[in-house]
Amino acid sequence: MEFEVKFKESGGLEYIEGERRMFIEAETINDPSRQQKILMIKKSSINCWNSPHEQDAVNDQERERIYMNAVRSCNQLGWAVARPKTVQPKPKMEKTRLVLPAFRLTQEPLDSEGREFLECCGGAAEAKHQLGGTPAFINTEYYPKCQGCGEEMTFYAQLDSSFQREDLADSGMIYVFVCFDCCETEAYLDSY
């Protein structure tokens, strides 16, 4: 397809292809060490056609084609086109699981009903309440992913419903996890 590139007095380029036109942002770069004029074309500005063709989509493949046409045209007019530096993503480091210091949470009755319950069990209610450390998973080990960043969450606490009159899901355990980066929490119940 035939095209034409015009330099705009206000800066940038006008790209013309048949009846369609678009403005492409571009800026000159002053490099005294080079004899040639240098132009930086902002590929991200190649995103839509001017009216009445604004409904014609510009996908990635078409953006690359228009960009390369503009580069060739500028080169023919004596301009060197600087390629933007592409930043390589840093390789993902294997994260080690953060384990908080472990604390056993003891059952200390706060009212008469709690005291009666402990007396009825002979004080032998060995709940597995815990803050920090490594969870005592009932079934499969499961560390949820944070909804905010997608990283594995840190175990924070577990609450045991064993030895309770109103046990949860057949003596279940509630696990609480936290993402310290996003301040998100998640809890789930598992049972025997």
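Is Phe-7 buried, partly exposed or exposed, and at what relative accessibility? In this predicted model, the relative accessibility of Phe-7 is 36%, so the residue counts as partly exposed. The legends below describe close-up views of selected strands, salt bridges and aromatic rings.

**Figure 1. Hairpin of strands β2 and β3.** Strand β2 (residues 13–17) runs antiparallel to β3, and the two are paired over 5 bridges. Between the strands lie 2 residues, and Gly-18 of this hairpin adopts a positive phi near 65 degrees. Strand β3 (residues 20–24) presents Arg-20, Met-22 and Ile-24 on its covered face, whereas Arg-21 and Phe-23 belong to the uncovered face. Phe-23 is the bridge partner of Glu-14.

**Figure 2. Salt bridge between Glu-14 and Arg-21.** The two side chains meet with an N to O distance of 2.9 Å. Glu-14 has a relative accessibility of 14% and is therefore buried, while Arg-21, at 37%, is partly exposed.

**Figure 3. Salt bridge between Lys-42 and Glu-25.** Here the N to O distance is 3.8 Å. Lys-42 belongs to the loop between β5 (37–41) and α1 (60–76), and Glu-25 to the loop between β3 and β4 (26–29); the pair therefore ties together parts 17 residues apart in sequence. Both partners are partly exposed: Lys-42 has a relative accessibility of 33% and Glu-25 one of 38%.

**Figure 4. Salt bridge of Arg-65 and Glu-62, and the network that includes both residues.** The closest N and O atoms of this pair are 3.1 Å apart. Both residues lie in helix α1, with a separation of 3 residues, or about one turn of the helix. Arg-65 is partly exposed at 31% relative accessibility, whereas Glu-62 is buried at 13%. The structure as a whole holds 12 salt bridges.

**Figure 5. Aromatic pair of Phe-3 and Tyr-15.** The model contains 10 aromatic pairs. In the pair shown, the ring centres are 5.8 Å apart and the planes stand at 20 degrees, so the rings are stacked. Distant parts of the chain are linked by this pair, since Phe-3 is in the segment before β1 (4–7) and Tyr-15 in strand β2, 12 residues apart. Phe-3 is partly exposed, with a relative accessibility of 31%; Tyr-15 is buried, at 1%.

**Figure 6. Aromatic pair of Phe-7 and Trp-79.** These rings are also stacked, with 5.4 Å centre to centre and 25 degrees between the planes. Because Phe-7 is in strand β1 and Trp-79 in strand β6 (residues 79–82), the pair ties together parts that are 72 residues apart in sequence. Trp-79 is buried at a relative accessible area of 14%, whereas Phe-7 is partly exposed at 36%.

**Figure 7. Aromatic cluster and charges over rings.** Ring pairs join Phe-137, Tyr-142, Tyr-143, Phe-155, Tyr-175, Phe-177 and Tyr-188 into a cluster. Over the ring of Tyr-143 sits the charged end of Arg-97, at 3.6 Å from the ring centre. Elsewhere, Lys-43 is positioned over the face of Tyr-67, 4.6 Å from the ring centre.

**Figure 8. Nonpolar surface patch of Leu-98, Tyr-156 and Phe-180.** Together these residues have about 300 Å² of accessible area. Phe-180 lies in the loop between β10 (173–179) and β11 (184–190) and is partly exposed, with a relative accessibility of 45%.

Definitions and conventions:
Residues numbered from 1 in each chain as written. Predicted model: local features only at pLDDT ≥ 70, side-chain atom pairs only at ≥ 80, totals over all residues. Heavy atoms only, no water. Buried < 20%, exposed > 50% of the residue type's maximum accessible area, 1.4 Å probe, protein only. Helix = DSSP H or I, 4+ residues; strand = E, 2+ residues; numbered from the N terminus. Pairing = 2+ DSSP bridges. Salt bridge = Lys/Arg side-chain N within 4 Å of Asp/Glu carboxyl O. Patch = residues over 30% accessible without salt bridge, like charges linked within 9 Å, V, L, I, M, F, W, Y side chains within 5 Å. Areas by Shrake-Rupley, 256 points an atom, 1.4 Å probe, with all protein chains shown as cover. Phe/Tyr/Trp six-rings, centres within 6.5 Å; stacked < 30°, edge-to-face > 60°. Lys NZ or Arg CZ within 6 Å of the ring centre and 35° of its normal.
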